[in-house]
Amino acid sequence: MDSKCVQFFQNKTILVTGVPGFLAKVFLEKILRVQPDVKRLYLLLRSSDNESAMERFRAEVLEKDLFRVLRNDLGDANLKNLVLKKVAPIPGDISVVNLGVKDSDLLQHMWNEIEIIVNVAATTNFDERYDVGLSINTFGPLNVLNFAKKCVKGQLLLHVSTAYVCGEKPGILPEKTFKMGETLNSNGKLVIETEMELMKQKLKELQKQECSEEEIAQSMKDLGMSRAKLHGWPNTYVFTKSMGEMLLGNHRENLPLVIIRPTMITSTFSEPFPGWIEGLRTIDSVIVAYGKGRLKCFLADSNSVLDLIPVDMVANAMVMAVAIHAGKSGSQDVYHVGSSCKNPITFGQLHDLAARYFTKSPLVGRDGSPIIVSKGTILSTMSQFSFYMTLRYKLPLQMLRLINIVYPWWNGNKYKDIDRKINLAMRLVDLYRPYVLFKGIFDDMNTERMRLKRQDINNQIYGSLEFDPKSIDWEDYITNIHIPGLITYVLQN
């Protein structure tokens, strides 16, 4: 890549939150690889002290295969020196005032030096406890914003959200900001402070009743889901992220704000090399379960567009957005970074590609023999899926329950165990339902304009920051890059 591509970042001081996370790591690697002359990268990590922050950074970031290219280019000693000079892992927490930075001298130094703030920290669990979701996804961004306002050289806050804050609406979903208190179903007014109070009240009640930790956790999850659905969002994750966006828009004053909304993030497309991934992302658990022969039936609409986007394209869009918007007082911009508008792939296509891949290159079972995959049954409505589950599992389960009652000594735990697994499966299906039956297309006009700006005006400055989904050949990417990456980095680790 042209070494001039991120000239903007030369001598800049940047704060990045959520660093052990997948996207933040890729963004960090990109900056270090293409602009080693960055002045300082402060990385906020949850840890008890400086030593454990550095240890966590080494173990969970630097030692990952993602940094292989940088390590090969520089050599171990030079990479170590670069990190020592440029990277400062800081123990902290976005759910706390001043981001939990306790050292007052360091705090002052950060406020005097930091120019760009990149907030990637979030809890991405769809079924998160409401208290946790509110503290990290809703009030966390506000804490980051308040920190950014104290940065005397602050030029921009870039906040990573998710495209799915748009909810489950069909049709074209525009890149527009939320108004404070807006709901997706016009069901009354959303008051964020009231949500916080409701959550605290519920927590107090549960503690008063001396509920177990497990009961409290489940009640908090249920409360989050019911509040999300009341206001028109499908789950706690996207609901708390939406409220985070509202608070940012409402309190930003003159600080330039960019909100990046990626869709479903997948393995690297090309940088630093193709196919790097960490953990099972949204759709990957389905691909892996299918490859292992465990998925005989799934809820999905074959014609539903799956909005997938490689992680390096999201990181490139972030780099570009920072370079374009830093210092533009008062602006607030939203960018959808996805593929459904310019280069859609359907669930049916993905299923065919996975079937072809695992038929040709089957995974190997514990007994050493290849796992044979069948095409499986795709059911396109929740009622069809429930009917299938009743016939296949719930009726046999009722028989087992009857046997348990008549012969209580007969393998007693089996009924409860299977019942628990079915309930868990149904809950997961309900959580993923909005995404596998999704009828929306994410408009990316703003992102397209940013791509054109890169090509037309600033080519010498920014070089080849690839984030155009039209450049993805889905068959090649899924079968030669993404699934092999999943097998290498997730299944074999």
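Author: A cavity is a set of points, on a 1 Å grid over the protein atoms alone, where a 1.4 Å probe fits but cannot get out; its lining residues have an atom within 4 Å of a point. Grid points are joined across faces, edges and corners, and a volume is the space filled by probe spheres set on the points. This is a predicted model, in which local features need pLDDT of at least 70, side-chain atom pairs count only at pLDDT 80 or more, and totals for chains, interfaces and linings use all residues. Residues are numbered from 1 along each chain as its sequence is written, and side-chain values use heavy atoms, with hydrogens and water left out.

Reader: How many cavities of 30 Å³ or more does the structure hold?

Author: Rolling a probe the size of a water molecule over the atoms shows where empty space is left. In this structure, the cavities of 30 Å³ or more number three.

Reader: Which element gives the most residues to the lining of the largest cavity?

Author: The largest cavity has about 80 Å³ of space, and its lining includes Val286, Tyr290, Phe347 and His351. Two elements give two or more residues each to this lining, α10 (284-291) and α12 (347-360); helices are DSSP runs of H or I with at least four residues, strands are runs of E with at least two, and both are numbered from the N terminus. With four residues, the element that gives the most is α12.

Reader: How many charged residues are in the lining of the largest cavity?

Author: Ala, Val, Leu, Ile, Met, Phe, Trp, Tyr, Cys and Pro count as nonpolar, Asp, Glu, Lys and Arg as charged, and the others, Gly among them, as polar. The lining has seven nonpolar residues and one polar residue, and the number of charged residues is none.

Reader: What percentage of the residues in the chain is buried?

Author: A residue is buried under 20% relative accessible area, exposed over 50%, and partly exposed in between, with a 1.4 Å probe and protein chains only. The chain has 493 residues, and the buried part of them is 55%.

Reader: Why does Pro484 count as partly exposed?

Author: Pro484 is placed in helix α17 (residues 474-491). Leaving aside neighbours within four places in sequence, Pro484 is in contact (heavy atoms within 4.5 Å) with Tyr357, Ile478 and Thr479. Pro484 counts as partly exposed because its relative accessibility is 24%.

Reader: Why does Glu253 count as exposed?

Author: Glu253 is in the loop between α9 (236-251) and β7 (257-262). Its phi is near 55°, a positive value in a residue other than glycine. Glu253 counts as exposed because its relative accessibility is 61%.

Terms used
1 Å grid on protein atoms, 1.4 Å probe; cavity = no way out; pocket = protein on both sides within 12 Å on 5 of 7 lines; lining within 4 Å.
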